[in-house]
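Please keep the sequence and the structure in view while reading.

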Amino acid sequence: MEAIYYVMCWACHRRCRHCYDARYRPYVRAELREVVEEAVRNSPRIIDNLPDAVAYLDPTKPLPGGGYAERAGRVALSGGELLIDPVREAVLYPGLKRLRARYPAATRVKLAVQTTGDLLTERILDELLEHGADVVNVSGMDDFHVGLEGDKRRPLVERLVRMFESRGLRDVAERVPPGANAGAARYMFFGATEDQWIGAIWPRGRAWANGLSRAGITDNFCARQSGGMNFLDRRYAGSEVAVDPAGNVYPCCLKTRAPLGSLLEERLTDILDSLAGHPAFEAINAGRPDRMGLTYGWSVDDFLAASVTTTPEGRDYRNLCIGCDRFHERVLGPVIAELRERRLAARRSDAFGAQRAAE
C-alpha cells in the first residue's frame with residue numbers, strides 16, 4: 001500500500017470545535033488510563049496485521065522491460081495527540097520501535113508522526129528520530145486551534161522550523177539537490193484552511209455538531225486526499241486506509257458508518273482482498289460513492305436524495321458523506337458483517353485443516 005493512517009490513541013490535549021471525531025479530547029485519571037491501556041493492548045496486534053510490505057507500484061514510472069517502479073509507502077501515526085506524556089512513552093515510542101523492526105530502514109518505508117506541534121520540544125524531536133520516525137507532520141496550522149489563529153501561529157512555526165533544521169530535517173516540499181542526503185528526515189505543516197483538502201470541513205464529530213461544515217453536494221471527500229478512492233488498489237499508487245485505536249479499518253479518514261473489519265482479528269490484506277470486486281466497495285474505490293447502491297436498487301438519484309439532511313442548527317445541508325452514512329445504515333452494514341463472518345469461517349477452516357495435517 002502507499003499509505004496507512006493509524007490513529008493510535010484517542011487522547012488529546014485539545015477539544016477543537018472542528019474535530020471530525022468527538023473521541024479526540026482530553027481524558028483524565030481513570031478515563032485516561034483506559035484509553036492508554038486500550039492503545040497499549042491493541043497496538044502490537046494491529047501492527048502485526050499490517051501488510052508484510054508497505055510498498056506500491058507507480059504507474060507514472062514504467063520500466064523499460066515492462067512493469068512499473070516500486071516505491072516505498074508510509075505509515076502515518078496520529079492521535080489525538082501522541083506527544084502527551086502517557087501516550088508518548090507508553091504508546092508512540094513502543095509503536096515506532098515495533099514498526100521499525102517490522103519495516104527496517106532498508107525497506108525505505110517512511111514512518112510519520114502527526115502532532116499539533118505545540119508540545120514538540122528538542123528532546124522529544126530527538127527521541128522521535130531515535131525511535132525511527134522519518135517525517136513529522138504538524139497538523140495544527142489553522143484558526144480552529146486555540147492560540148494558533150492567524151499570525152499567532154507564526155512564532156510556533158518559526159521555532160519548529162529552527163528546531164527541524166538544526167536536526168537536519170528538510171521541508172517535504174523542498175527538492176533534494178544532487179549529492180544531498182535523500183534519506184534525510186522531513187517535516188510538513190498543514191491544517192484545515194481554505195487551500196487544503198479539508199478546508200470545507202468534514203460533516204463529522206464536533207465539526208458537525210457545531211455547524212462548521214461548508215461542504216456541498218459537489219464536495220466529494222471520497223475522491224480527495226485521505227478519502228476512499230483507490231483504497232482497494234493496494235498494490236498501486238494512491239492506496240490508503242485508516243485504522244483506529246480499536247483496530248477498526250476504514251476506507252477513509254472520515255470513517256464510514258461501519259468499519260470494513262478489525263486488525264485485532266484479521267490481516268489487513270485479507271480484509272481488502274475480500275472486498276475487491278464488490279460493487280459497493282468498488283464504487284468507493286472509484287471515488288463515486290453515489291454509485292454504491294446500484295446493485296441494491298439505489299439509483300444515483302436515490303443516493304443524492306439520501307444525501308440531504310438538516311444540520312443541528314436547522315440549516316439545509318447536502319453532501320455525499322450523508323448519503324454514504326445512510327446507505328451503510330440501511331443496506332451495507334449487514335453486508336460487511338456477512339463478509340467478515342465468511343473470512344473468519346475460512347480462517348477457522350484453514351486452521352483446523354492445518355491442525356489435522358500436523359496430527
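**Helix packing**

The axes of helix 1 (residues 29–48) and helix 2 (residues 85–102) come within 10 Å and cross at roughly 0°. Helix 1 is therefore roughly parallel to helix 2, since angles under 35 degrees count as roughly parallel. The model described here is a predicted one.

**The contacts of helix 2**

- On the side of helix 1, the contact is made by Leu32, Val36, Ala39, Val40, Ser43, Pro44, Ile47 and Asp48.
- These residues meet Pro86, Val87, Ala90, Val91, Gly95, Arg98, Leu99 and Arg102 of helix 2.
- Sorted by class, the contact of helix 1 with helix 2 consists of 11 nonpolar, two polar and three charged residues.
- Helix 2 also packs with helix 3 (residues 122–130): their axes come within 10 Å and cross at roughly 35°.
- In this second contact, helix 2 contributes Arg88, Glu89, Leu92, Tyr93 and Leu96, while helix 3 contributes Arg123, Ile124, Glu127 and Leu128.
- The contact of helix 2 with helix 3 comprises five nonpolar, no polar and four charged residues.

- Nine strands make up an open sheet with mixed pairing, and their order is 7-8-6-5-4-1-9-10-11.
- Strand 7 (170–171) and strand 11 (261–262) stand at the edges; each has a single partner strand, so one side of each lacks a neighbour in the sheet.
- Helix 4 (residues 154–166) packs on the sheet, where it touches strand 6 (135–138) and strand 8 (186–189).
- The direction of helix 4 makes about 170° with that of strand 8.
- Within the sheet, strand 4 (residues 74–78) pairs with strand 5 (residues 110–115) in the parallel sense over four bridges.
- Valine 75 has leucine 111 in strand 5 as its bridge partner.
- In general, strands of a sheet pair through backbone hydrogen bonds, either parallel or antiparallel.

- Strand 2 (residues 55–62) and strand 3 (residues 68–72) are paired in the antiparallel sense over five bridges.
- Tyrosine 56 is found opposite arginine 71 in strand 3.
- Five residues lie between the strands of this hairpin, and glycine 66 there takes a positive phi near 110°.
- Strand 2 also gives the largest share of the lining of the second largest pocket, namely three residues.
- The volume of this pocket is about 180 Å³.
- Its lining consists of Met1, Pro51, Asp52, Ala53, Ala55, Tyr56, Leu57, Glu70, Arg234, Arg235 and Thr269.
- By class, the lining of the second largest pocket has six nonpolar, one polar and four charged residues.

**Cavities**

- The structure contains two cavities of 30 Å³ or more.
- The largest cavity holds about 150 Å³ of space.
- Of the 16 residues that line the largest cavity, Cys222, Cys252, Thr256, Cys321 and Cys324 lie nearest its centre.
- With three residues, helix 9 (residues 320–358) gives the most to this lining.
- The lining of the largest cavity divides into 10 nonpolar, four polar and two charged residues.
- The second largest cavity has a volume of about 50 Å³.
- Tyr5, Val7, Tyr20, Tyr24, Ala242, Val243, Asp244, Tyr250, Cys253 and Lys255 form the lining of the second largest cavity.
- Strand 1 (3–7) and strand 9 (240–243) are the elements that give two or more residues to this lining.
- The lining of the second largest cavity has eight nonpolar, no polar and two charged residues.

**Backbone details**

- Glycine 79 and glycine 80 are joined by a cis peptide bond, with omega at about 25°.
- Glycine 80 belongs to the loop between strand 4 and helix 2.
- Arginine 29, which lies in helix 1, has a positive phi of about 50° although it is not a glycine.

Technical notes: Residues are numbered from 1 along each chain as its sequence is written. This is a predicted model: local features need pLDDT of at least 70, side-chain atom pairs count only at pLDDT 80 or more; totals for chains, interfaces and linings use all residues. Side-chain values use heavy atoms; hydrogens and water are left out. Two strands pair if DSSP finds at least two bridges between them. On a 1 Å grid over the protein atoms alone, a cavity is a set of points where a 1.4 Å probe fits but cannot get out, and a pocket is an open set with protein on both sides within 12 Å along at least five of seven lines; lining residues have an atom within 4 Å of a point. Grid points are joined across faces, edges and corners, and a volume is the space filled by probe spheres set on the points. Ala, Val, Leu, Ile, Met, Phe, Trp, Tyr, Cys and Pro count as nonpolar, Asp, Glu, Lys and Arg as charged, and the others, Gly among them, as polar. Contact means heavy atoms within 4.5 Å. Axes are lines fitted to C-alpha atoms, for helices over the stretch in contact, and angles run from 0 to 180 degrees between N-to-C directions. Angles under 35 degrees count as roughly parallel, over 145 as roughly antiparallel, 65 to 115 as roughly perpendicular and the rest as oblique.
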